[in-house]
Amino acid sequence: MLTRSALLAVCLLIALLAGSSTRWPSGRILAEATPQQDDAGAEEEAFERELGRRTLEGNCLMCHSIEMIETQRLTPEQWAAEVEKMVGWGAPVPPEETDLLVAYLAASYATESAEPVFGRQTLDDARSSTRPAPDPDALPEGAADRGAAVFTEHCATCHGPDGLGGDLGVSLIARPVLLRPADYASILRKGRHRMPGFQIVLSDQQVADTLAWLQAQSR
Amino acid sequence: MSQDDTSAIPKSNRRSLLRRALGGASAGIGLWAWRGPEALGWFSSADVADRELIIRNLVPLDAETPLTSLGSWITPNDLFFKRSHFVEPAILPEPWRLEIKGLVDRPVSLALDDLAEMEQVTRPVVLQCAGNGRGLFRPNIPGIPWAKGAVGNAEWTGVRLVDLLERAGVQGGARHVHLLGADTPPHPKTPAFFRSIPLAKAIDPMTMVATHMNGEPLPHLHGGPLRLIVPCWTANHSLKWLREITLADEEAPGFYQRTGYRIPRELAPPGSWIEDPEGELLPVTAMNVKSLVTSPGEGQRLTSGRVDVRGVAWTGPGRITGVDVSIDGEAWQPATLDGPDVEGSWRTWNLAWDASPGSHTIRVRATDSHGESQPEQSPWNRSGYLWNAIESIAVEVA
């Protein structure tokens, strides 16, 4: 676990440094005669913000999309209470990341932040990502009984033995994605949020079998 | 349909028997005048050019109707606001079943065909999210920041809940009707949207289980194939994707009944942060009196001369008795109420205004049959429920 966290931190640092070179041209930093400490402070702050943003992306968007968060204008106390409520409701935010997440939310979506902007869409368009989308070519025909075994071996650790969700994974029962086989296959292959991709682990047939099992459980 | 031993008793007698057994007539029976199996066709005249909704959250979908699209007496299905706690359930084709259990003589399990064989009722009902207007409260409140359009009026068709309860036979100790839909929470620790209504409201003949909305099979996003419709109460009671009805002696357990949808008995003054933690919290039930201006729109530029100011007005139990309009703080003038007058639905209203060039503020205040009218400021409460301050829009006249 320690190794994983350390690895994550290194990856984030690399990503951040790569990003920072474009955001703050090194020339400007060098030219300005600001004390070293301030630069380090600013970078530390940006780093922490990035960590907070990633915590949000990895732990909040699995249940609801970003609008739910970015249209709120709350005080730090209100944000802390919201995060606590959501953690209580199963958001798998690691305890050591909670403060970073709250700080990120409080800084990004504060009471005094600019008014949120809301998009407009027809109902049809708004529903495009959850509407059933049958696609007979997306996957081979699955078998629920085989899927049960695949699910137990590869999915149940995070999504629970019954598919209703576990410590890290959301419930998969009666989710709209079960009626969108192409999306389902893509998520299993590439991963999403905190879920790794299973491209080299599961065959298309096995993916189809898990889908058949989850569909059978969704009645 | 499993068992129904009561079929020997004439229907009307059965209903009155149940009502008597439960301690007399419930509120609303005396005012209930709207019944009939046929679709009434009001929706056919609804013609709105702008088909877009304001998206508050995409997944699960929370979207409200722009006010300028709410002007017709009936709100079209695709423009009707959408409030979701969880994503709509992806249930594969199968016979949908509705279970009625708990404190009943005979638990029953009904298919949609069983419901179709029962006496059908159609009535126009306003549904409004309890949090409609939350985004207007200051200080800010966490939650979907609805402005004014999480409300709509549709014509619903289905069966009376009381008729369903009679098939199961309600036992003496039952006081509450628990409701559970097919939408499941995303995580085992997330509370299910488990709700209940008091038995007295459940047996009100206005309360129905709907299978159709504006003449169409109930759209899935609006709870199809089956949802409850609880007229006059905030729409959180009108549970979608209804699957289980359980008679019980107490309210439903869990967050959404015991913690959420509660409001202090003593409302804090606007802007107050201080809320008595010992103060008694009550469930949000009946809607309060409210109006909207649907034309002109906020900030609209008009030409001087006659302007038809139009809108809608509704309340909880009771009726709208008047809508008054004040231009730039001048005396309140009565608007003309039109459209059908049905309890649980809304009225449309209009007023001809001779607009002079300049900036103007149009204020509107509805009054209901209980003598309640919209306040200057809506009392702040920590969940942002029941906003109903006097409506106000600004327009420019050239």
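# Close-up views of the two-chain model

**View 1. The interface between chain A and chain B.** Putting chain A and chain B together buries about 3,800 Å², and carbon and sulfur atoms give 58% of that area. The structure shown is a predicted model. On the two sides of this contact stand 42 residues from chain A and 44 residues from chain B. Between chain A and chain B the count of residue pairs in polar contact, with both residues at pLDDT 80 or more, is 17. The elements of chain A that give two or more residues to the side touching chain B are α4 (67-70), α5 (76-88), β1 (120-122) and α7 (123-126), and the largest share, four residues, comes from α5(A). Sorted by class, the residues on the side of chain A that touches chain B are 13 nonpolar, 19 polar and ten charged.

**View 2. The salt bridge between the chains.** The count of salt bridges between chain A and chain B is one. The side chains of B:Glu88 and A:Arg127 meet in a salt bridge, with an N to O distance of 3.5 Å. Over all chains, a search of the whole structure finds 22 salt bridges.

View 3. Chain A has eleven helices and one strand, which follow one another along the sequence in the pattern α-α-α-α-α-α-β-α-α-α-α-α. Of the 219 residues in chain A, 40% are buried. Among the contacts in chain A with a separation of 6 or more, 69% are between residues 24 or more positions apart. Within chain A, a network of salt bridges links A:Glu50, A:Arg53, A:Arg54 and A:Glu57.

**View 4. Domain 2 of chain B against domain 3 of chain B.** The secondary structure of chain B comes to five helices and 23 strands, and buried residues make up 59% of its 398 residues. The domain assignment divides chain B into domain 1 (11-76), domain 2 (97-283) and domain 3 (290-397). The C-alpha centres of domain 2 and domain 3 of chain B lie 28 Å apart, and their contact takes 37 residues from domain 2 and 23 residues from domain 3. The area buried between these two domains of chain B is about 2,700 Å², with carbon and sulfur atoms giving 63%. The rule finds one salt bridge across the interface of domain 2 and domain 3 of chain B, and the side chains of B:Glu391 and B:Lys148 meet in a salt bridge at 3.2 Å, N to O. Between domain 2 and domain 3 of chain B, nine residue pairs are in polar contact, both residues being at pLDDT 80 or more. On the side of domain 2 of chain B that touches domain 3 of chain B, at least two residues each are supplied by β5 (121-128), β6 (151-160) and β13 (262-264) of chain B, and β5(B) gives the most, with five residues. By class, that side of domain 2 of chain B has 21 nonpolar, ten polar and six charged residues.

**View 5. The surroundings of B:Thr65 in chain B.** B:Thr65 has its place in the loop between β2 (62-64) and β3 (97-102) of chain B. With a relative accessible area of 1%, B:Thr65 is buried, because buried means under 20%. Leaving aside residues up to four places away in sequence, B:Thr65 touches B:Leu53, B:Leu70, B:Leu79, B:Phe80, B:Phe81, B:Gly149 and B:Val151.

**View 6. The salt bridge between B:Asp78 and B:Arg51.** B:Asp78 forms a salt bridge with B:Arg51, and the closest N and O atoms are 2.8 Å apart. B:Asp78 lies in the loop between β2 and β3 of chain B, whereas B:Arg51 lies in the loop between α1 (11-21) and β1 (52-57) of chain B, so the pair ties together parts that are 27 residues apart in sequence. B:Asp78 is partly exposed, with a relative accessible area of 27%, and B:Arg51, at 28% relative accessibility, also counts as partly exposed.

View 7. B:Asp324 forms a salt bridge with B:Arg365, the closest N and O atoms being 3.7 Å apart. This pair links distant parts of the chain, with B:Asp324 in strand β18 (residues 320-327) and B:Arg365 in strand β22 (residues 358-368) of chain B, 41 residues apart. B:Asp324 counts as buried at 17% relative accessibility, whereas B:Arg365 is partly exposed, with a relative accessible area of 21%. The side chains of B:Glu376 and B:Arg363 meet in a salt bridge at 2.8 Å, N to O. B:Glu376 lies in the loop between β22 and β23 (391-397) of chain B and B:Arg363 in strand β22 of chain B, so this pair ties together parts that are 13 residues apart in sequence. At 54% relative accessibility, B:Glu376 counts as exposed.

Terms used: Residues are numbered from 1 along each chain as its sequence is written. Chains are lettered from A and ligands numbered from 1 in the order in which they are written. This is a predicted model: local features need pLDDT of at least 70, side-chain atom pairs count only at pLDDT 80 or more; totals for chains, interfaces and linings use all residues. Side-chain values use heavy atoms; hydrogens and water are left out. Domain bounds come from an automatic or database domain assignment. Contact means heavy atoms within 4.5 Å. Buried area is the accessible area (1.4 Å probe) that two parts lose on being put together, summed over both. A salt bridge is a side-chain nitrogen of Lys or Arg within 4 Å of a carboxyl oxygen of Asp or Glu. A polar contact is a pair of N or O atoms within 3.5 Å; within protein, one must be able to donate a hydrogen and the other to accept it, and residues adjacent in sequence count only if both atoms are side-chain atoms. Ala, Val, Leu, Ile, Met, Phe, Trp, Tyr, Cys and Pro count as nonpolar, Asp, Glu, Lys and Arg as charged, and the others, Gly among them, as polar. Buried means under 20% relative accessible area, exposed over 50%, partly exposed in between (1.4 Å probe, protein chains only).
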